[in-house]
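Please keep the sequence and the 3D view open as you read.

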Amino acid sequence: MCRWKNRFFWLWNGPGGRAFVLSRLSFFCSFRLASDTLLPQSAAPQRVHLIAVGGSIMHNLALALHRQGAQVTGTDDEIFEPARGRLAAAGLLPAQEGWDAARITPDLDAVIVGMHARPDNPELLRAQELGLKVYSFPEYIYEASRDKQRIVIGGSHGKTSITACILHVLRFHGRQFDYAVGAQLAGFDLMVQLTDAPIIIIEGDEYLSSPVDRRPKFHLYQHHIGVISGISWDHINVFPTEEIYREQFRIFADMTPKAGVLIYDRDDEQVQLVSVPTNPDVTYIGYGPHEHVIRDGKTFLINKKDEEVPIQVFGEHNLRNISAAKEVCKQLGIRGKDFFKAVASFPGAARRLELVREGATSVVYKDFAHAPSKLKATATALKKQFPQRRLVACLELHTFSSLNPEFLPQYAHCFDAPDVAVVYFNPHVLEHKRLPPLAAATVAEAFQRPDIRVITDSAELAAFLRAQPWANANLLLMSSGTFDGLDLTALATEITG
């Protein structure tokens, strides 16, 4: 009983707490009998089946529900590591790959379908035929967190790092929270956690919710505190124009409820178009890069007392991410001095400017960057962090958008920061994505950099990188893929000595 009293006290007295508590009371008072089809608010359903369980976020949800005590089953047509090993260790790996409609039985409490499945998936069709409740991932997360304060981090770039920073600070100070994030984070064994914690931090992806629900994921979470970290056109296969893409963020901003908070990058022109304060009942908070200094390749934050706080991440984009996280934590009752104390040990999100290996005169980083804005921010950050060193940077075009001739002009001048710029792509990936052949000359022209080198063979790429002079030089490798299995650790060992 004491625990619940303490929770109520925290919710009522925290920033925006009264409005949040009253909104929850209003919800329960107006709760209709018809709503008994929704998930129980305090426990997971007893039997859950996940279609496309091998997905990055889906297998983490399966593990989280299993940890809660639910009876979890799942299927997929292909499951790769690390999902395969993690599901196997929990006893959740299906006996064989493939779809089987017979697995969908009337006694299932819920079916959760991942984006990897197709609309004509036999298991999905069977679930619909039986009238079972079918959830997309964001629908399920929302239903499981109806009685929580929901903080949703949206944006074309930076959302994973901002989410990771918030989680790090909250954990550092022993706060109770749930979360759903799209990348593996240091110190967290799962990417999804659903308990009876009073708040949930959600990375708000703008991509589609499921094969049968074409709404962006972050529209379904119904945030109390929302963040828009930046808007840069992406997912051309779903949002064919920049205006249609930006509109999804405007909808997200307009969904901020009465007494809610919208935190946004005040320097991003696209964000400004959707985040202009229009609702007098909403608190709008703009942020920019945190005040800092760079000394000997290390970055230090400057706090209100003009003290320097050393941090492990760097780059203007990360300094913006830290500012956004600080504003969110402030709304959650974390004081400035406590934020700085925690952020000093924040290692950054996995695959975001991740150190591969460091030598005496060179360092190798890898990054998940692939969209134009991410590419520009990451390459510029590393060049500014080590201004006296030569920077060799290599980008792999791997996503549908990045390999699409209509989207390629978005990369113009985004790769100007490195001293040596290389673009790699595998022509077979174009075939797999059912895209037309792409000429190396077309790619080179799109980047608007005369000396850019375009390579389409991984062995040639490795040979080119090994042949570079690496004394007083750094290497940056950027991709959402694997450079066709290139052994980055071995390459980094050769480069750094």
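A disulfide here is a pair of cysteine sulfur atoms within 2.5 Å. The model is a predicted one, in which local features need pLDDT of at least 70 and side-chain atom pairs count only at pLDDT 80 or more, while totals for chains, interfaces and linings use all residues. Residues are numbered from 1 along each chain as its sequence is written, and side-chain values use heavy atoms, with hydrogens and water left out.

With that cut-off, the count of disulfides is 0. Cys329 takes part in none, and its nearest cysteine sulfur, in Cys165, is 6.5 Å away. Cys329 is also buried, at a relative accessible area of 0%; buried means under 20%, exposed over 50% and partly exposed in between, using a 1.4 Å probe and protein chains only.

Now turn to two helices. Helices are DSSP runs of H or I with at least four residues, strands are E runs of at least two, and both are numbered from the N terminus. Helix 3 (residues 56–68) and helix 6 (residues 137–144) have axes that come within 11 Å and cross at roughly 30°. Those axes are lines fitted to C-alpha atoms, for helices over the stretch in contact, with angles from 0 to 180 degrees between N-to-C directions. Which residues meet where helix 3 faces helix 6? Ile57, Met58, Leu61 and Leu65 come from helix 3, and Phe137, Tyr140 and Ile141 from helix 6, with contact meaning heavy atoms within 4.5 Å.

Next comes a stretch annotated in a record: an unreviewed UniProt entry places "domain: Mur ligase central" at residues 153–325. Across residues 153–325 the chain is 25% helix and 27% strand, and the end C-alpha atoms are 9 Å apart.

Finally, visit two loops. Thr399 sits in the loop between strand 19 (390–396) and strand 20 (420–424), and is buried at 17% relative accessibility. Neighbours within four places in sequence aside, Thr399 contacts His370, Lys433 and Ser480. Pro450, in the loop between helix 14 (440–447) and strand 21 (453–455), is exposed at 86% relative accessibility.

Terms used
UniProt positions are given in the numbering used here, feature names are shortened, and annotations may be inferred rather than shown by experiment.
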